[in-house]
Amino acid sequence: MTMEKKKTVIEVRDVSKTFYNREGDHLVVDHLNFNVYENEFVVLFGPGQCGKTTVLNLIAGLELPTGGEVVVNGEKVVGPSPSRGMVYQTTNLFMWYNVMKNVEFGPCVRGVKKAERRKKAQYYIDLVGLTGFEKHFPVKLSGGMQQRVGIARAYCNEPDIICMDEPFGHLDAQTRYLMEEEVDRISASEKRTVVFVTNNAEEAIYLADRIILLHNCPTSVHREYLVNLPRPRNYVAPEFLELREQITKDMDDTIG
Amino acid sequence: MSTYKKRQFRLRIVSLLSILVFLAVWYVCTAVLRLAPAYSLPDPITVFQSFVTKLSSRVPDGATLPQHIWESFKIAMAGYLMGVVIGVPLGIAMGWVSWVEKIVRPVFDFLKPIPPIALIPVMITLFGIGIESKACIIFFSTVIPSIVNSYSGIKQTSQIHLWVARTFGASNLQQLFTVAIPSALPMIFAGLRVAMGVSWMGLVAAELMGATRGIGYMISTARNLLRADIIIVGLLTLGFIGIVISLVFDLIEIKFVRGGK
(Lines give C-alpha, C1' and ligand atoms only; values in the text may rest on other atoms or scores of the structure.)
Protein backbone atom coordinates (compact mmCIF):
# COMPACT_ATOMS: atom_id res chain seq x y z
CA MET A 1 0.00 0.00 0.00
CA THR A 2 1.61 3.22 -1.07
CA MET A 3 0.40 6.42 0.49
CA GLU A 4 1.22 8.50 -2.57
CA LYS A 5 -1.84 7.23 -4.43
CA LYS A 6 -4.18 8.56 -1.77
CA LYS A 7 -5.79 11.97 -1.76
CA THR A 8 -3.73 14.59 0.05
CA VAL A 9 -5.76 16.31 2.76
CA ILE A 10 -3.20 18.37 4.64
CA GLU A 11 -0.16 19.94 3.05
CA VAL A 12 2.32 21.61 5.33
CA ARG A 13 4.40 23.66 2.90
CA ASP A 14 7.66 25.10 4.09
CA VAL A 15 6.03 26.30 7.29
CA SER A 16 7.92 28.40 9.82
CA LYS A 17 6.64 29.88 13.03
CA THR A 18 8.42 32.50 15.07
CA PHE A 19 7.01 33.83 18.33
CA TYR A 20 7.84 37.42 19.06
CA ASN A 21 7.99 38.23 22.73
CA ARG A 22 9.87 40.32 25.24
CA GLU A 23 12.87 37.99 25.38
CA GLY A 24 13.26 38.30 21.63
CA ASP A 25 12.31 36.26 18.59
CA HIS A 26 11.83 32.59 19.19
CA LEU A 27 11.91 30.31 16.15
CA VAL A 28 9.79 27.27 17.00
CA VAL A 29 9.03 25.69 13.64
CA ASP A 30 11.65 25.82 10.90
CA HIS A 31 10.76 25.15 7.24
CA LEU A 32 8.56 22.20 8.00
CA ASN A 33 7.21 20.06 5.16
CA PHE A 34 4.90 17.08 5.28
CA ASN A 35 1.63 15.81 3.85
CA VAL A 36 -1.22 13.92 5.41
CA TYR A 37 -3.47 11.74 3.27
CA GLU A 38 -7.16 11.02 3.47
CA ASN A 39 -8.25 8.81 6.37
CA GLU A 40 -4.69 8.44 7.49
CA PHE A 41 -3.77 8.27 11.17
CA VAL A 42 -0.60 10.31 11.47
CA VAL A 43 1.29 10.65 14.71
CA LEU A 44 3.53 13.66 15.19
CA PHE A 45 6.14 12.31 17.51
CA GLY A 46 9.02 14.01 19.23
CA PRO A 47 10.60 14.94 22.53
CA GLY A 48 8.80 17.23 24.94
CA GLN A 49 8.80 20.97 24.22
CA CYS A 50 9.75 20.33 20.58
CA GLY A 51 6.92 22.39 19.11
CA LYS A 52 4.53 19.56 18.25
CA THR A 53 1.60 21.39 19.75
CA THR A 54 2.47 24.48 17.73
CA VAL A 55 2.41 22.41 14.54
CA LEU A 56 -1.01 21.08 15.50
CA ASN A 57 -2.29 24.58 16.29
CA LEU A 58 -1.03 25.69 12.86
CA ILE A 59 -3.02 22.92 11.20
CA ALA A 60 -6.11 23.73 13.31
CA GLY A 61 -5.69 27.40 12.43
CA LEU A 62 -5.42 28.55 16.05
CA GLU A 63 -2.01 29.96 15.16
CA LEU A 64 -0.92 31.28 11.77
CA PRO A 65 2.50 30.52 10.28
CA THR A 66 5.04 33.31 9.92
CA GLY A 67 6.44 31.63 6.81
CA GLY A 68 5.06 29.14 4.29
CA GLU A 69 1.49 27.91 4.39
CA VAL A 70 -0.76 25.12 5.60
CA VAL A 71 -3.19 23.93 2.94
CA VAL A 72 -6.16 21.78 3.85
CA ASN A 73 -8.27 20.27 1.06
CA GLY A 74 -6.75 22.72 -1.38
CA GLU A 75 -7.49 25.78 0.72
CA LYS A 76 -5.01 27.83 2.69
CA VAL A 77 -5.66 27.82 6.44
CA VAL A 78 -6.42 31.33 7.69
CA GLY A 79 -8.20 30.52 10.97
CA PRO A 80 -10.04 27.81 12.85
CA SER A 81 -12.75 25.93 11.00
CA PRO A 82 -15.41 23.40 11.99
CA SER A 83 -13.88 21.05 9.42
CA ARG A 84 -10.87 20.65 11.72
CA GLY A 85 -11.74 19.36 15.19
CA MET A 86 -9.45 19.53 18.20
CA VAL A 87 -9.00 17.26 21.22
CA TYR A 88 -6.81 18.96 23.77
CA GLN A 89 -4.11 17.92 26.21
CA THR A 90 -6.12 18.82 29.25
CA THR A 91 -9.82 18.27 28.95
CA ASN A 92 -11.40 21.52 28.01
CA LEU A 93 -14.98 20.54 28.40
CA PHE A 94 -17.51 23.23 29.07
CA MET A 95 -17.96 22.69 32.80
CA TRP A 96 -21.33 24.47 32.74
CA TYR A 97 -22.85 22.01 30.27
CA ASN A 98 -23.66 18.38 30.87
CA VAL A 99 -22.16 15.60 28.74
CA MET A 100 -24.95 15.76 26.14
CA LYS A 101 -24.70 19.52 25.71
CA ASN A 102 -20.92 19.31 25.45
CA VAL A 103 -21.03 16.66 22.73
CA GLU A 104 -23.71 18.43 20.71
CA PHE A 105 -21.94 21.78 20.97
CA GLY A 106 -20.57 21.77 17.41
CA PRO A 107 -23.87 20.94 15.67
CA CYS A 108 -25.61 23.33 18.08
CA VAL A 109 -23.57 26.41 17.10
CA ARG A 110 -23.96 25.46 13.44
CA GLY A 111 -27.74 25.57 13.93
CA VAL A 112 -28.54 21.87 13.49
CA LYS A 113 -32.09 21.08 14.68
CA LYS A 114 -32.37 19.77 18.21
CA ALA A 115 -33.78 16.32 17.44
CA GLU A 116 -31.15 15.70 14.79
CA ARG A 117 -28.18 16.86 16.87
CA ARG A 118 -29.41 14.93 19.92
CA LYS A 119 -29.50 11.77 17.82
CA LYS A 120 -26.04 12.39 16.47
CA ALA A 121 -24.63 13.24 19.91
CA GLN A 122 -26.21 10.12 21.38
CA TYR A 123 -24.50 8.04 18.69
CA TYR A 124 -21.06 9.38 19.61
CA ILE A 125 -21.73 9.18 23.34
CA ASP A 126 -22.56 5.51 22.83
CA LEU A 127 -19.49 5.10 20.64
CA VAL A 128 -17.10 6.32 23.35
CA GLY A 129 -18.88 4.19 25.93
CA LEU A 130 -20.54 6.89 28.00
CA THR A 131 -24.13 5.71 27.60
CA GLY A 132 -26.06 6.69 30.72
CA PHE A 133 -23.83 9.65 31.56
CA GLU A 134 -25.60 12.13 29.25
CA LYS A 135 -26.94 14.27 32.10
CA HIS A 136 -23.73 14.25 34.16
CA PHE A 137 -21.65 17.37 34.51
CA PRO A 138 -17.93 17.08 33.70
CA VAL A 139 -16.80 17.69 37.31
CA LYS A 140 -18.39 14.38 38.27
CA LEU A 141 -16.42 12.42 35.66
CA SER A 142 -12.95 10.91 35.94
CA GLY A 143 -10.09 12.17 33.76
CA GLY A 144 -10.47 9.29 31.29
CA MET A 145 -14.21 9.82 31.01
CA GLN A 146 -13.74 13.54 30.47
CA GLN A 147 -11.32 12.82 27.66
CA ARG A 148 -13.88 10.47 26.11
CA VAL A 149 -16.39 13.30 26.14
CA GLY A 150 -13.75 15.49 24.47
CA ILE A 151 -13.28 12.88 21.74
CA ALA A 152 -17.02 12.45 21.25
CA ARG A 153 -17.39 16.23 21.06
CA ALA A 154 -14.75 16.45 18.33
CA TYR A 155 -16.22 13.56 16.30
CA CYS A 156 -19.81 14.76 16.70
CA ASN A 157 -19.07 17.89 14.69
CA GLU A 158 -18.08 15.52 11.84
CA PRO A 159 -14.89 17.30 10.85
CA ASP A 160 -12.70 16.10 7.98
CA ILE A 161 -9.67 16.21 10.22
CA ILE A 162 -9.30 15.55 13.91
CA CYS A 163 -6.29 16.97 15.70
CA MET A 164 -5.43 15.38 19.03
CA ASP A 165 -2.86 17.07 21.22
CA GLU A 166 -1.44 14.54 23.69
CA PRO A 167 -4.96 13.72 24.77
CA PHE A 168 -3.83 11.07 27.25
CA GLY A 169 -0.80 12.86 28.64
CA HIS A 170 -2.45 13.49 31.99
CA LEU A 171 -4.00 10.07 32.47
CA ASP A 172 -2.59 7.26 34.56
CA ALA A 173 -0.91 4.40 32.69
CA GLN A 174 -3.83 1.98 33.04
CA THR A 175 -6.41 4.45 31.75
CA ARG A 176 -4.03 5.44 29.01
CA TYR A 177 -3.85 1.91 27.59
CA LEU A 178 -7.60 1.70 27.76
CA MET A 179 -8.04 4.99 25.94
CA GLU A 180 -5.54 3.99 23.25
CA GLU A 181 -7.61 0.90 22.58
CA GLU A 182 -10.73 3.08 22.44
CA VAL A 183 -9.20 5.50 19.96
CA ASP A 184 -7.99 2.62 17.83
CA ARG A 185 -11.50 1.15 17.83
CA ILE A 186 -13.23 4.49 17.16
CA SER A 187 -10.91 5.47 14.34
CA ALA A 188 -11.49 2.05 12.75
CA SER A 189 -15.27 2.52 12.78
CA GLU A 190 -15.28 6.27 12.05
CA LYS A 191 -12.83 6.83 9.25
CA ARG A 192 -11.31 10.28 9.59
CA THR A 193 -7.99 11.90 8.95
CA VAL A 194 -6.35 12.09 12.36
CA VAL A 195 -3.26 14.03 13.38
CA PHE A 196 -2.22 12.86 16.80
CA VAL A 197 0.57 14.40 18.86
CA THR A 198 2.41 12.42 21.50
CA ASN A 199 5.82 11.98 23.09
CA ASN A 200 5.13 8.37 23.97
CA ALA A 201 6.70 5.92 21.48
CA GLU A 202 4.45 3.04 22.49
CA GLU A 203 1.32 5.12 21.99
CA ALA A 204 2.60 6.33 18.63
CA ILE A 205 3.26 2.83 17.30
CA TYR A 206 0.01 1.45 18.69
CA LEU A 207 -2.12 4.03 16.91
CA ALA A 208 -0.30 5.30 13.83
CA ASP A 209 -0.48 4.47 10.15
CA ARG A 210 2.52 6.71 9.85
CA ILE A 211 4.78 8.32 12.41
CA ILE A 212 6.54 11.60 11.72
CA LEU A 213 9.49 12.08 14.05
CA LEU A 214 10.13 15.77 14.60
CA HIS A 215 13.40 17.44 15.44
CA ASN A 216 13.81 19.29 18.65
CA CYS A 217 13.18 23.05 18.61
CA PRO A 218 13.12 24.48 15.94
CA THR A 219 10.86 21.78 14.64
CA SER A 220 11.49 20.05 11.35
CA VAL A 221 10.91 16.52 10.08
CA HIS A 222 13.64 14.19 11.21
CA ARG A 223 12.35 10.88 9.89
CA GLU A 224 9.14 9.10 8.93
CA TYR A 225 8.03 5.56 9.67
CA LEU A 226 5.22 3.62 8.03
CA VAL A 227 3.66 1.30 10.56
CA ASN A 228 2.23 -1.72 8.79
CA LEU A 229 1.55 -3.95 11.77
CA PRO A 230 -1.91 -5.58 11.91
CA ARG A 231 -4.49 -3.95 14.23
CA PRO A 232 -5.25 -4.14 17.07
CA ARG A 233 -1.55 -4.10 17.75
CA ASN A 234 0.24 -6.10 20.34
CA TYR A 235 2.48 -4.02 22.59
CA VAL A 236 4.92 -6.89 23.07
CA ALA A 237 5.08 -8.30 19.54
CA PRO A 238 8.73 -8.50 18.36
CA GLU A 239 8.10 -6.12 15.41
CA PHE A 240 6.44 -3.66 17.77
CA LEU A 241 9.36 -3.71 20.17
CA GLU A 242 11.89 -3.47 17.36
CA LEU A 243 10.22 -0.37 15.92
CA ARG A 244 9.91 1.11 19.37
CA GLU A 245 13.61 0.66 19.99
CA GLN A 246 14.44 2.21 16.63
CA ILE A 247 12.20 5.21 17.19
CA THR A 248 13.43 5.79 20.73
CA LYS A 249 17.01 5.68 19.50
CA ASP A 250 16.25 8.12 16.68
CA MET A 251 14.53 10.43 19.12
CA ASP A 252 17.59 10.45 21.35
CA ASP A 253 19.59 11.49 18.27
CA THR A 254 17.29 14.46 17.70
CA ILE A 255 17.98 15.67 21.22
CA GLY A 256 21.70 14.93 21.25
CA MET B 1 -30.17 7.09 59.39
CA SER B 2 -26.97 7.10 57.35
CA THR B 3 -23.68 8.24 58.88
CA TYR B 4 -23.72 11.30 56.62
CA LYS B 5 -27.20 12.32 57.76
CA LYS B 6 -26.27 11.72 61.38
CA ARG B 7 -23.28 14.02 61.05
CA GLN B 8 -25.38 16.68 59.33
CA PHE B 9 -27.97 16.41 62.08
CA ARG B 10 -25.33 16.85 64.77
CA LEU B 11 -23.97 19.92 62.99
CA ARG B 12 -27.47 21.40 62.89
CA ILE B 13 -27.81 20.89 66.62
CA VAL B 14 -24.49 22.65 67.18
CA SER B 15 -25.68 25.61 65.06
CA LEU B 16 -28.91 25.80 67.02
CA LEU B 17 -26.98 25.65 70.28
CA SER B 18 -24.78 28.56 69.29
CA ILE B 19 -27.85 30.76 68.85
CA LEU B 20 -29.23 29.62 72.19
CA VAL B 21 -25.91 30.32 73.90
CA PHE B 22 -25.87 33.81 72.38
CA LEU B 23 -29.37 34.51 73.71
CA ALA B 24 -28.47 33.04 77.11
CA VAL B 25 -25.35 35.20 77.45
CA TRP B 26 -27.38 38.23 76.47
CA TYR B 27 -30.05 37.35 79.01
CA VAL B 28 -27.56 36.75 81.82
CA CYS B 29 -25.70 40.00 81.13
CA THR B 30 -28.85 42.10 81.09
CA ALA B 31 -31.61 40.56 83.22
CA VAL B 32 -29.44 38.75 85.77
CA LEU B 33 -26.17 40.65 86.13
CA ARG B 34 -27.58 44.02 85.01
CA LEU B 35 -24.29 45.06 83.42
CA ALA B 36 -26.10 47.80 81.50
CA PRO B 37 -29.19 49.79 82.45
CA ALA B 38 -32.37 48.49 80.83
CA TYR B 39 -32.91 51.68 78.81
CA SER B 40 -29.61 51.25 77.00
CA LEU B 41 -29.48 47.46 76.65
CA PRO B 42 -32.77 45.64 77.33
CA ASP B 43 -32.91 41.87 77.88
CA PRO B 44 -34.01 39.53 75.08
CA ILE B 45 -37.46 38.93 76.52
CA THR B 46 -38.27 42.65 76.58
CA VAL B 47 -36.99 42.94 73.03
CA PHE B 48 -39.18 40.05 71.93
CA GLN B 49 -42.21 41.70 73.56
CA SER B 50 -41.39 44.98 71.80
CA PHE B 51 -41.07 43.08 68.55
CA VAL B 52 -44.54 41.56 68.94
CA THR B 53 -46.03 44.93 69.90
CA LYS B 54 -44.26 46.70 67.06
CA LEU B 55 -45.78 44.30 64.53
CA SER B 56 -49.06 46.16 64.89
CA SER B 57 -48.25 49.32 66.84
CA ARG B 58 -47.47 52.69 65.23
CA VAL B 59 -45.83 53.99 68.42
CA PRO B 60 -43.36 55.76 68.56
CA ASP B 61 -42.51 56.49 64.94
CA GLY B 62 -45.81 56.50 63.08
CA ALA B 63 -45.64 53.12 61.35
CA THR B 64 -45.76 49.44 62.18
CA LEU B 65 -42.74 47.19 61.70
CA PRO B 66 -44.12 45.51 58.55
CA GLN B 67 -44.75 48.97 57.07
CA HIS B 68 -41.17 49.97 57.80
CA ILE B 69 -39.87 46.74 56.28
CA TRP B 70 -42.02 47.15 53.20
CA GLU B 71 -40.90 50.74 52.73
CA SER B 72 -37.23 49.77 52.96
CA PHE B 73 -37.72 46.69 50.80
CA LYS B 74 -39.44 48.71 48.08
CA ILE B 75 -36.63 51.22 47.85
CA ALA B 76 -33.92 48.58 48.12
CA MET B 77 -35.47 46.55 45.32
CA ALA B 78 -36.00 49.57 43.05
CA GLY B 79 -32.36 50.67 43.40
CA TYR B 80 -31.01 47.15 43.34
CA LEU B 81 -32.84 46.02 40.22
CA MET B 82 -31.84 49.19 38.41
CA GLY B 83 -28.23 48.65 39.42
CA VAL B 84 -28.21 45.01 38.34
CA VAL B 85 -30.09 45.53 35.09
CA ILE B 86 -27.66 48.25 34.07
CA GLY B 87 -24.52 46.98 35.80
CA VAL B 88 -24.39 43.34 34.70
CA PRO B 89 -24.82 43.92 30.95
CA LEU B 90 -22.46 46.88 31.12
CA GLY B 91 -19.84 44.79 32.92
CA ILE B 92 -20.25 41.98 30.40
CA ALA B 93 -19.93 44.43 27.51
CA MET B 94 -16.82 45.94 29.09
CA GLY B 95 -15.28 42.53 29.50
CA TRP B 96 -16.10 41.36 25.98
CA VAL B 97 -15.85 44.40 23.73
CA SER B 98 -12.60 46.28 24.00
CA TRP B 99 -13.87 49.65 22.80
CA VAL B 100 -16.61 49.63 25.44
CA GLU B 101 -13.89 48.91 27.99
CA LYS B 102 -11.79 51.79 26.66
CA ILE B 103 -14.71 54.22 26.94
CA VAL B 104 -16.26 53.16 30.26
CA ARG B 105 -13.23 52.10 32.25
CA PRO B 106 -11.73 55.56 33.00
CA VAL B 107 -15.01 56.98 34.32
CA PHE B 108 -15.69 53.79 36.17
CA ASP B 109 -12.28 53.64 37.82
CA PHE B 110 -12.85 57.18 39.00
CA LEU B 111 -16.30 56.50 40.49
CA LYS B 112 -15.47 53.09 41.98
CA PRO B 113 -13.56 54.20 45.11
CA ILE B 114 -16.28 56.67 46.20
CA PRO B 115 -18.16 55.14 49.14
CA PRO B 116 -21.91 55.22 48.35
CA ILE B 117 -22.61 56.60 51.80
CA ALA B 118 -20.59 59.71 50.92
CA LEU B 119 -23.17 60.41 48.23
CA ILE B 120 -25.99 60.74 50.74
CA PRO B 121 -25.59 64.51 51.32
CA VAL B 122 -25.39 65.16 47.57
CA MET B 123 -28.46 63.05 46.89
CA ILE B 124 -30.46 64.66 49.68
CA THR B 125 -29.71 68.14 48.39
CA LEU B 126 -30.56 66.99 44.85
CA PHE B 127 -33.68 64.89 45.41
CA GLY B 128 -34.77 65.57 48.99
CA ILE B 129 -35.40 62.74 51.45
CA GLY B 130 -37.92 60.87 49.29
CA ILE B 131 -37.56 57.58 47.46
CA GLU B 132 -35.49 59.04 44.59
CA SER B 133 -32.43 60.00 46.60
CA LYS B 134 -32.31 56.66 48.39
CA ALA B 135 -32.92 54.66 45.24
CA CYS B 136 -30.05 56.57 43.63
CA ILE B 137 -27.70 55.76 46.48
CA ILE B 138 -28.67 52.09 46.32
CA PHE B 139 -28.36 52.12 42.56
CA PHE B 140 -24.87 53.48 42.91
CA SER B 141 -23.83 50.97 45.57
CA THR B 142 -25.31 48.09 43.52
CA VAL B 143 -24.08 49.00 40.09
CA ILE B 144 -20.42 49.03 41.12
CA PRO B 145 -20.10 45.41 42.33
CA SER B 146 -22.36 44.28 39.47
CA ILE B 147 -20.02 45.82 36.94
CA VAL B 148 -16.82 44.75 38.69
CA ASN B 149 -17.79 41.10 38.97
CA SER B 150 -19.37 40.75 35.54
CA TYR B 151 -16.39 42.45 33.98
CA SER B 152 -13.75 40.34 35.69
CA GLY B 153 -15.84 37.18 35.27
CA ILE B 154 -15.88 37.70 31.51
CA LYS B 155 -12.20 38.68 31.49
CA GLN B 156 -11.31 35.40 33.21
CA THR B 157 -12.87 33.27 30.46
CA SER B 158 -10.37 30.57 29.59
CA GLN B 159 -8.67 31.23 26.26
CA ILE B 160 -8.72 27.53 25.47
CA HIS B 161 -12.49 27.31 25.99
CA LEU B 162 -12.84 30.12 23.48
CA TRP B 163 -10.52 28.25 21.11
CA VAL B 164 -12.65 25.16 21.47
CA ALA B 165 -15.74 27.17 20.61
CA ARG B 166 -13.96 28.74 17.64
CA THR B 167 -12.80 25.41 16.24
CA PHE B 168 -16.44 24.36 16.33
CA GLY B 169 -17.30 27.41 14.27
CA ALA B 170 -18.96 29.50 16.99
CA SER B 171 -19.43 33.16 16.06
CA ASN B 172 -18.35 35.95 18.37
CA LEU B 173 -21.84 36.26 19.89
CA GLN B 174 -22.15 32.49 20.24
CA GLN B 175 -18.83 32.43 22.07
CA LEU B 176 -20.16 35.10 24.41
CA PHE B 177 -23.40 33.30 25.18
CA THR B 178 -22.20 29.70 25.23
CA VAL B 179 -18.77 30.15 26.80
CA ALA B 180 -17.99 33.52 28.35
CA ILE B 181 -21.27 34.22 30.17
CA PRO B 182 -21.84 30.69 31.53
CA SER B 183 -18.26 30.51 32.78
CA ALA B 184 -18.61 33.95 34.38
CA LEU B 185 -21.95 33.16 36.04
CA PRO B 186 -20.57 32.09 39.45
CA MET B 187 -18.61 35.31 39.60
CA ILE B 188 -21.59 37.41 38.44
CA PHE B 189 -23.71 35.79 41.14
CA ALA B 190 -21.11 36.59 43.77
CA GLY B 191 -21.35 40.19 42.58
CA LEU B 192 -25.13 40.16 42.92
CA ARG B 193 -24.80 38.92 46.50
CA VAL B 194 -22.26 41.58 47.41
CA ALA B 195 -24.48 44.17 45.74
CA MET B 196 -27.45 43.06 47.81
CA GLY B 197 -25.43 43.43 51.00
CA VAL B 198 -24.11 46.88 50.22
CA SER B 199 -27.50 48.06 48.99
CA TRP B 200 -29.02 47.36 52.42
CA MET B 201 -26.11 49.07 54.11
CA GLY B 202 -26.53 52.11 51.87
CA LEU B 203 -30.27 52.15 52.44
CA VAL B 204 -30.14 52.03 56.21
CA ALA B 205 -27.45 54.69 56.27
CA ALA B 206 -29.58 56.90 54.03
CA GLU B 207 -32.65 56.35 56.19
CA LEU B 208 -30.71 57.19 59.33
CA MET B 209 -29.92 60.56 57.81
CA GLY B 210 -33.27 61.48 56.43
CA ALA B 211 -36.51 59.61 55.90
CA THR B 212 -40.11 59.47 57.02
CA ARG B 213 -40.43 55.72 57.12
CA GLY B 214 -38.21 52.63 56.87
CA ILE B 215 -36.12 50.46 59.16
CA GLY B 216 -33.28 52.95 59.34
CA TYR B 217 -35.75 55.69 60.17
CA MET B 218 -37.31 53.50 62.85
CA ILE B 219 -33.90 52.95 64.42
CA SER B 220 -32.88 56.60 64.40
CA THR B 221 -36.23 57.71 65.86
CA ALA B 222 -35.91 55.08 68.58
CA ARG B 223 -32.46 56.41 69.36
CA ASN B 224 -33.82 59.94 69.81
CA LEU B 225 -36.49 58.58 72.13
CA LEU B 226 -34.09 56.33 74.05
CA ARG B 227 -36.06 53.23 73.01
CA ALA B 228 -33.17 50.75 72.92
CA ASP B 229 -35.58 47.83 72.60
CA ILE B 230 -36.84 49.15 69.27
CA ILE B 231 -33.31 49.80 68.06
CA ILE B 232 -32.51 46.15 68.73
CA VAL B 233 -35.74 45.03 67.07
CA GLY B 234 -34.60 47.00 64.04
CA LEU B 235 -31.14 45.45 64.06
CA LEU B 236 -32.46 41.91 64.43
CA THR B 237 -34.92 42.57 61.62
CA LEU B 238 -32.04 43.62 59.38
CA GLY B 239 -30.13 40.47 60.31
CA PHE B 240 -33.13 38.30 59.61
CA ILE B 241 -33.78 39.94 56.24
CA GLY B 242 -30.12 39.32 55.40
CA ILE B 243 -30.52 35.60 56.09
CA VAL B 244 -33.69 35.37 53.99
CA ILE B 245 -32.03 37.16 51.06
CA SER B 246 -29.01 34.90 51.24
CA LEU B 247 -31.27 31.81 51.21
CA VAL B 248 -33.11 33.14 48.16
CA PHE B 249 -29.76 33.61 46.42
CA ASP B 250 -28.75 30.05 47.31
CA LEU B 251 -31.90 28.76 45.61
CA ILE B 252 -31.39 30.85 42.49
CA GLU B 253 -27.75 29.84 42.30
CA ILE B 254 -28.54 26.11 42.53
CA LYS B 255 -30.97 26.60 39.68
CA PHE B 256 -28.75 28.59 37.33
CA VAL B 257 -25.11 27.95 38.12
CA ARG B 258 -24.44 24.42 36.98
CA GLY B 259 -21.50 22.11 36.95
CA GLY B 260 -19.07 24.03 39.14
CA LYS B 261 -15.58 25.12 38.13
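Reader: Why is the largest pocket said to lie between domain 1 (1–35) and domain 2 (43–256) of chain B?

Author: Both domains give residues to the lining of the largest pocket, so the pocket lies between them. The domain bounds come from an automatic or database domain assignment. The model is predicted: local features need pLDDT of at least 70 and side-chain atom pairs count only at pLDDT 80 or more, while totals for chains, interfaces and linings use all residues. Residues are numbered from 1 along each chain as its sequence is written, chains are lettered from A and ligands numbered from 1 in the order in which they are written, and side-chain values use heavy atoms, without hydrogens and water.

Reader: What makes up the lining of the largest pocket?

Author: It has 16 residues, and B:F48, B:F51, B:L236, B:T237 and B:F240 lie nearest the centre. On a 1 Å grid over the protein atoms alone, a pocket is an open set of points with protein on both sides within 12 Å along at least five of seven lines, a cavity is a set where a 1.4 Å probe fits but cannot get out, and lining residues have an atom within 4 Å of a point. The space in this pocket is about 550 Å³, a volume being what is filled by probe spheres set on the points, which are joined across faces, edges and corners.

Reader: Which helices of chain B each supply at least two residues of that lining?

Author: They are α1 (3–32), α2 (44–54) and α10 (228–256), helices being DSSP runs of H or I of at least four residues and strands runs of E of at least two, numbered from the N terminus. The largest share, seven residues, belongs to α10(B). By class the lining has 14 nonpolar, two polar and no charged residues; Asp, Glu, Lys and Arg count as charged, Ala, Val, Leu, Ile, Met, Phe, Trp, Tyr, Cys and Pro as nonpolar, and the others, Gly among them, as polar.

Reader: How many cavities of 30 Å³ or more does the structure hold?

Author: There is one. The largest cavity has a volume of about 40 Å³, and its lining includes A:M86, A:Y88, A:Q147 and A:R153. Both β6 (84–87) and α5 (143–156) of chain A supply at least two lining residues, with the largest share, three, from α5(A). Four nonpolar, five polar and one charged residues form this lining.

Reader: How do the axes of helix α6 (residues 131–155) and helix α8 (residues 172–209) of chain B cross?

Author: They come within 7 Å and cross at roughly 155°. That makes α6(B) roughly antiparallel to α8(B), since angles over 145 degrees count as such. The contact has 17 nonpolar, 10 polar and two charged residues. Axes are lines fitted to C-alpha atoms over the stretch in contact, and angles run from 0 to 180 degrees between N-to-C directions. The crossing is right-handed, that is, the near helix is turned clockwise from the far one by less than a right angle, whereas anticlockwise is left-handed.

Reader: Why is α9(B) described as roughly antiparallel to α10(B)?

Author: The axes of α9 (residues 215–224) and α10 of chain B come within 8 Å and cross at roughly 160°. This angle makes α9(B) roughly antiparallel to α10(B). Their crossing is left-handed.

Reader: Which peptide bond is cis, with omega near -10°?

Author: The bond from A:R231 to A:P232 is cis, and A:P232 sits in the loop between β10 (221–226) and α8 (238–255) of chain A. A cis bond also joins B:V59 and B:P60, with omega about 0°.

Methods:
Angles under 35 degrees count as roughly parallel, over 145 as roughly antiparallel, 65 to 115 as roughly perpendicular and the rest as oblique.
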